[in-house]
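Keep the viewer open as you read.

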Amino acid sequence: MTLSMNTPEFLVERDLDRCIKCQVCVGQCANEVHKYDKETDSLSCDDLACVGCHRCVTLCPTHALTIKKFPLEFRENANWTANTINAIYKQAESGGILLTGMGNDKPYPIYWDHLLLNASQVTNPSIDPLREPMEVKTYLGRKPDKLDFSDGELVTEIAPQVELELPIMFSAMSFGSISLNAVKSLAAAAKEVGTMFNTGEGGLHQDLYSYGDNAIVQVASGRFGVHPQYLDAGTAIEIKIGQGAKPGIGGHLPGEKVGKEVSETRMIPEGSDALSPAPHHDIYSIEDLRQLIYSLKEATRYKKPVAVKIAAVHNVAAIASGIARAGADIITIDGFRGGTGATPLRTRDNVGIPIELALAAVDSRLRNESIRHQVSLVVAGSVRNSADIMKAIALGADAVYIGSSALLALGCHMCQKCYTGKCNWGIATQDPNLVKRLNPEIGAQRAANLLRAWKHEIKEMLGGMGINAIESLRGNRLMLRGVGLSDRDLEILGVKAAGE
Amino acid sequence: MKKIYAQEKYCIGCRLCEVYCSAVHSEYPNDLVKAFNRSKIVPTPRVKVEEDRPLSFAMQCRHCDEPHCLKACITGAMYRDEESGAILNDAERCVGCWTCIVACPYGGIFRDESKSKVVAKCDYCLDQGDPACVKNCPNGALIIEEGGE
Amino acid sequence: MLREGQVRIPSGCAISGIINRKGNRFSGEKIIDSIAVMHDRSNGLGGGFAAYGIYPEYKDFYAFHMFYDNLRAKEDVEHFFNEHFSVELSGIIPTRKVSSIKNAPIIWRYFMKPLPDKIRDSELCEDEYVVQCVMKINSKFSGAYVVSSGKNMGAFKAVGYPEDVGEFYKLEEYEGYTWTAHGRFPTNTPGWWGGAHPFTLLDWSVVHNGEISSYDANRRYVEMFGYDCSLQTDTEAITYAFDLLLRKHGLPLDMAIQTVAAPFWDSIAHMDEKQQKVFKALRITYSSLLINGPFSIILGSKNGFVALNDRIKLRALVAAEDNETLYVASEESAIRAVCPKPERVWSPRGGEPVIGLLEGADSI
Amino acid sequence: MQYVIVGNSAAAIGAVESIRNYDTENPILVISDEPYHTYSRPLISYYLTGLRDEESMMYRPKDFYDKYKVETMLGRRVEAVVTEKKQLKLDNQEVISYDKLLIATGGKPFLPPIEGATGPDIYNFIKLDDAKDLKEVAQPGKSAVVIGGGLIGLKVAEGLLKNEVAVTVVDLAPQLLNSILDATGADIVRKCLEKQGMEFHLGTTAKTIQNFGERKIVGLADGKEVATDFVVVAVGVVPNKHLVEDTDIKVNRGIVTDESMGTSVEGIFAAGDVAENHDILFGQNRVIPILPNAYEQGQVAGANMAGQKSVYPGGFAKNAIGFFGLSMVTAGITTAPDETFQEYSSQPAEDRYLKVVIKEGKLVGFVRINAVDRSGILTGLLMQQKDVTDLIPQLISEEIGLINLPQDLRKARLKGDAVQ
């Protein structure tokens with residue numbers, strides 16, 4: 001053993017006047033921060049183990065606990081910040097890649113917060129969603145260029161579509177990266193509200209086949225859990241090429257998380273590491289993608305739309321165009337603030353581009369090529385509230401995926417320790433002691449409530465714009481204005497500056 | 001009648017049910033801090049969390065249709081509340097002989113440590129609205145409803 | 001000040017339309033009298049008319065009404081015309097001095113046929129060839145603007161109150177079987193003549209009242225199909241939408257109407273299975289052509305007109321029938337001014353079209 | 001329809017409450033030779049120590065008879081039952097007719113053959129009146145000999161000791177609480193009581209009681225003599241069945257009853273300490289003179305009297321008692337009678353002892369001294385006669401819980417499924 005230079009990130013403070021020594025905190029902390037000493041009838045804390053997940057704070061019945069940033073400071077240095085220094089200590093100790101969870105937390109510009117929505121005043125009326133119908137139903141899938149009628153009868157057959165009661169879906173989060181109860185929560189919420197959850201690359205657990213109508217089943221580079229029944233079970237199939245939190249690299253579910261259920265669902269031996277390669281080994285170019293798309297369509301007798309998900313990287317627009325032309329019905333773009341269960345820190349924080357710019361670029365590019373209407377565009381990567389969704393749709397998205405927001409609804413506290421498997425909220429864990437902390441009935445209610453609340457807000461904002469159907473907002477960039485953006489940003493976003 | 005049921009799969013073993021049960025049966029039913037820090041002896045919770053991780057559940061009186069405790073009670077302290085149907089123990093009449101404890105196959109009756117020789121059992125918090133254990137279960141593991149799980 | 005095409009200018013308006021369904025022509029006086037009643041719905045910053053059946057002697061020729069800011073523009077465009085068309089006749093459009101109408105551009109009229117060789121080279125059908133020429137002039141020729149380009153029809157518009165515009169263009173001297181009129185109430189405009197309405201393409205004309213909230217969604221959709229919404233006006237986008245649906249995609253009129261004023265999903269859910277399939281297909285395919293926000297429009301063509309409200313009727317629209325004549329207008333007074341006792345007057349419901357077709361025409 | 005119940009204790013009350021579940025109209029008459037409102041018989045020891053007075057000993061509230069529409073004849077003794085006429089003869093010659101009769105006359109003290117065992121200053125400890133009498137004489141500084149080291153004997157001994165009476169207990173058996181406790185457990189109890197100053201003469205019996213002035217001398221079989229101020233004979237109870245003597249109601253040790261608590265004569269039922277019924281552990285008919293059984297038998301009898309089909313599943317002994325802060329529960333067979341039974345126990349400590357008796361993998365008895373909590377879980381296992389082979393370590397641990405039960409049983413308990 002040598003000296004570790006790790007210092008606590010958090011300071012756990014216990015108000016002894018309030019503490020009743022019920023020891024709920026002791027039982028609830030999977031990191032074993034709290035300890036009860038019988039001999040002295042007192043509680044103590046190990047600050048170093050605290051990840052700041054607030055489980056103890058939330059469960060403490062007398063609010064005797066609070067968690068603060070550990071006040072230890074290095075000599076002030078704008079270049080060598082505490083984070084930077086501590087990362088070096090850690091790597092010097094471990095010799096390994098720094099891992100993290102959830103999305104990029106660095107202070108890059110958040111373009112959502114530099115875009116403002118319009119509302120009607122005088123020249124046209126706003127619409128009150130409580131009095132007038134307000135439609136947010138959305139169909140994802142390939143659309144024809146035109147409809148053909150013969151003798152007044154429609155002759156065009158519409159390709160299979162994903163019907164959404166609101167343009168918000170739950171992002172791909174695999175069973176494995178999150179608990180079965182978390183997946184169940186999202187599946188049930190999707191069913192209740194009329195939208196989709198996405199299996200991620202974790203396969204579809206037997207218990208969840210009944211939610212197939214609300215599932216988008218993913219085919220990723222590891223092909224975990226992919227078999228004919230799986231493909232048939234979902235409403236759509238998504239080929240995952242990349243993920244915003246880790247563009248260009250694969251996935252790794254450590255063997256200790258591969259318990260019986262995960263092993264059966266993924267069709268891999270219990271306890272074995274589930275390694276998703278960085279590329280699909282049968283896709284080394286766009287024409288290979290086309291083959292996979294059509295293989296999946298063949299396998300499902302052309303009854304399921306096929307989506308392709310990519311991370312937002314520098315030339316995302318050209319890639320998206322290629323994907324549309326390769327036959328994808330839906331293109332999913334995941335921005336660089338998208339979350340994950342585990343990713344190398346440096347990749348997460350430095351690779352990819354913001355979803356707002358990627359979306360604008362892709363939408364514009366597809367329109368310039370006159371193919372935007374043929375495919376649906378779904379965006380992901382830190383959609384934090386209903387206003388973000390409004391802005392995404394106005395920029396050109398058909399729908400959005402929410403991952404982190406959905407997990408927050410289930411109780412996630414953004415401690416970014418998903419990769420440890422010790423999620424105290426029962427979400428990013430396979431430990432049966434922790435998994436049961438998420439009651440999927442409650443989880444489903446909370447996730448469904450979030451969607452319902454956002455739906456209300458979307459309707460309010462649409463009504464304010466004098467719009468009563470969400471499609472009239474789609475690509476309607478006149479409904480946006482930029483604030484505090486450079487001319488170049490505005491040009492890429494295709495929006496005017498506020499005041500223009 | 002409505003009964004409290006434990007859903008094992010959602011019980012997280014936090015014991016908040018016990019904490020709140022003790023408090024509402026203390027001199028300070030609405031103040032946890034006082035209930036625990038000022039009571040001479042904190043009342044024994046009438047709900048018991050049993051745990052053998054990952055299994056855990058909270059257990060209290062089943063308020064049986066054919067209550068063994070009531071039949072066994074030597075003093076007549078144990079009675080059925082006519083309005084609610086709950087099986088209640090009249091602490092004034094109870095002598096703490098523990099016959100009900102040995103009679104109850106559910107293990108749902110406890111010795112009340114805060115009083116001398118009286119049993120403590122679930123009273124549905126009849127004077128408090130919904131039972132405190134149900135109200136304060138953070139994970140919906142205790143539900144009050146007609147019929148079983 | 002930026003003009004239409006450089007900036008988007010919302011406006012409120014008055015509209016009126018009259019058709020003699022037997023094809024009997026009548027003088028422009030009537031439509032002027034009708035639109036004049038709604039003086040208060042305009043603010044003098046734009047008025048205009050579309051007239052059908054006014055050039056029977058040149059009915060096989062595309063009648064181009066042009067505005068030129070200067071002679072240079074006129075020269076350039078005429079050079080372009082000569083390259084692409086055979087010009088049968090050209091000349092100034094007669095006007096009279098009206099004190100309130102100022103800053104008139106050069107207003108010229110051409111009767112032309114496209115050059116067959118050029119059409120062949122372009123691999124386009126004749127109509128599309130003409131459309132592409134119109135788009136090119138409007139976007140590429142500075143100081144030139146195509147006011148109308150249909151056959152046996154023409155648009156007359158100016159900055160001013162519509163009744164003054166009618167007087168300016170001497171419309172009492174024209175006879176047509178369909179007339180539509182527009183009085184404009186823009187919130188800000190430098191008073192560019194091209195920005196006045198109607199907006200036309202081939203023999204489509206659109207007069208419109210309202211400010212559509214779906215504008216940019218509609219615009220960006222039609223622009224994928226070769227249109228260039230250079231004016232940034234609702235009327236322009238609506239015209240192109242109808243041109244796309246009716247002419248290019250060949251949708252039946254009722255389907256085109258149900259596209260821009262689509263039934264609600266709730267209503268679709270109550271339709272029979274076959275209907276559901278059709279309406280679902282319409283809404284799924286043409287979701288970006290749903291026209292949202294308040295509007296009432298009159299879409300004119302050689303076959304007649306269709307008047308339509310937005311689907312929740314956020315703008316006024318009244319219709320009346322008297323014998324062979326059908327009237328539509330923003331206000332009932334505008335109808336009664338020229339037809340005091342119509343046989344029937346009604347207020348069409350939101351999304352429910354009023355269709356006036358010439359006898360023998362099965363679609364617009 | 002006239003219901004008549006002879007007796008006014010747990011079995012009688014059980015019957016009344018049960019009858020009124022099904023029949024709210026027809027008259028019920030309760031006759032008892034004791035003049036009191038129904039009271040809890042076990043509480044007489046609390047009366048003796050002063051923890052309870054007459055008022056607070058009531059087994060049911062004061063308005064019980066009104067509420068249940070019960071007529072009472074208290075302080076009236078039934079002399080005989082005339083089954084052919086369906087009549088009762090009372091001590092005042094009154095004759096009462098019945099349609100359905102419950103005999104719940106309880107037990108009476110067993111009086112062993114001791115010379116001089118009658119007369120003043122010789123007491124029993126069964127009824128409230130006994131307690132009242134004793135309370136009078138139990139003055140500080142006095143001394144008493146309690147003959148009998150069973151439940152009643154020790155409770156009265158404890159009560160007397162708490163009244164600062166010097167107590168000597170005599171019992172024929174070599175251990176205390178012979179009927180409910182094994183030798184090891186009994187030893188813990190004896191030590192506890194000895195610590196409080198109680199004296200014991202075990203393995204011998206009283207042969208004579210002689211007056212010696214104001215005092216008495218109790219002569220023991222082993223030749224010793226104990227001088228005392230008064231004597232309590234508390235050797236046990238026997239069924240109080242005088243009523244049915246010379247009738248065609250079948251009697252063994254107690255009145256023989258079937259699973260409906262009916263006697264051999266139709267319309268006549270018996271319940272409580274006077275009746276004998278199936279002991280599920282011994283597999284034979286026995287009198288099990290404990291209150292819970294009495295109440296339950298009364299309930300079954302009452303239901304059947306009211307025309308229902310109610311079955312008494314049989315019983316077994318279970319007791320919860322305590323002396324000077326030592327509390328214990330016991331049930332069933334506490335000492336293995338032969339090698340077909342196995343005993344398992346915790347290491348006995350001064351104040352803690354846990355033991356189970358197993359036969360063919362099933363729990364047939366247990367002892368838990370100072371480990372009362374949740375002992376009913378064992379009772380449930382015993383009642384259901386489930387195989388507990390895998391649970392034995394838990395059964396003799398203080399921390400027994402439902403969590404230790406097999407999953408099906410645990411789920412059933414959590415659901416609240418009835419345990420019969």
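Which strands of chain C does helix α2 (residues 71–84) of chain C lie across? Before the answer, a word on conventions. This is a predicted model, in which local features need pLDDT of at least 70 and side-chain atom pairs count only at pLDDT 80 or more, while totals for chains, interfaces and linings use all residues. Residues are numbered from 1 along each chain as its sequence is written, and chains are lettered from A and ligands numbered from 1 in the order in which they are written.

Now the answer: helix α2 of chain C lies across β4 (62–68), β5, β6 and β7 of chain C, and runs at about 10° to β6(C). Helices (H or I, at least four residues) and strands (E, at least two) are DSSP runs, numbered from the N terminus. Axes are lines fitted to C-alpha atoms, for helices over the stretch in contact, and angles run from 0 to 180 degrees between N-to-C directions. Helix α4 (residues 126–140) of chain C also packs on the sheet, where it touches β4, β6 and β7 of chain C, and its direction makes about 140° with that of β7(C). Two residues are in contact if their C-beta atoms, placed from the backbone, lie within 7 Å.

The sheet under these helices is open, with four strands of chain C in the order β5-β6-β4-β7 and antiparallel pairing. Two strands pair if DSSP finds at least two bridges between them. At the edges are β5 (85–92) and β7 (144–148) of chain C, each of which pairs on one side only. From one strand to the next, the twist averages 30°. Strand β6 (residues 106–114) of chain C runs antiparallel to β5(C), and seven bridges join the two. To find your place there, look at C:V87, whose bridge partner in β6(C) is C:M112.

Next, turn to chain A, which has 15 helices and 23 strands. Its radius of gyration (taken over C-alpha atoms) is 24 Å, close to the 23 Å that the globule rule gives for 500 residues, so chain A is as compact as a globular protein of that length. That rule is 2.2 Å times the number of residues to the power 0.38. Along the principal axes, the C-alpha atoms of chain A fill a box of roughly 90 × 55 × 45 Å. Of its 500 residues, 54% count as buried, with 20 or more other C-beta atoms within 10 Å of their own C-beta, placed from the backbone.

Just after α14(A), A:G466 takes a positive phi of about 80°.

Finally, how do the chains meet? Chain C has 35 residues in contact with 37 residues of chain A. On the chain C side, α6 (215–223), α9 (265–269) and α10 (273–285) of chain C each give two or more residues, and α10(C) gives the most, with six. Chain A also meets chain B, with 16 residues of chain A in contact with 17 of chain B. On the chain A side, the largest share, three residues, comes from α1(A). By contrast, no contact joins chain A and chain D, whose closest C-alpha atoms lie 16 Å apart.

How values were computed: Buried ≥ 20, exposed ≤ 12 C-beta atoms within 10 Å, placed from the backbone.
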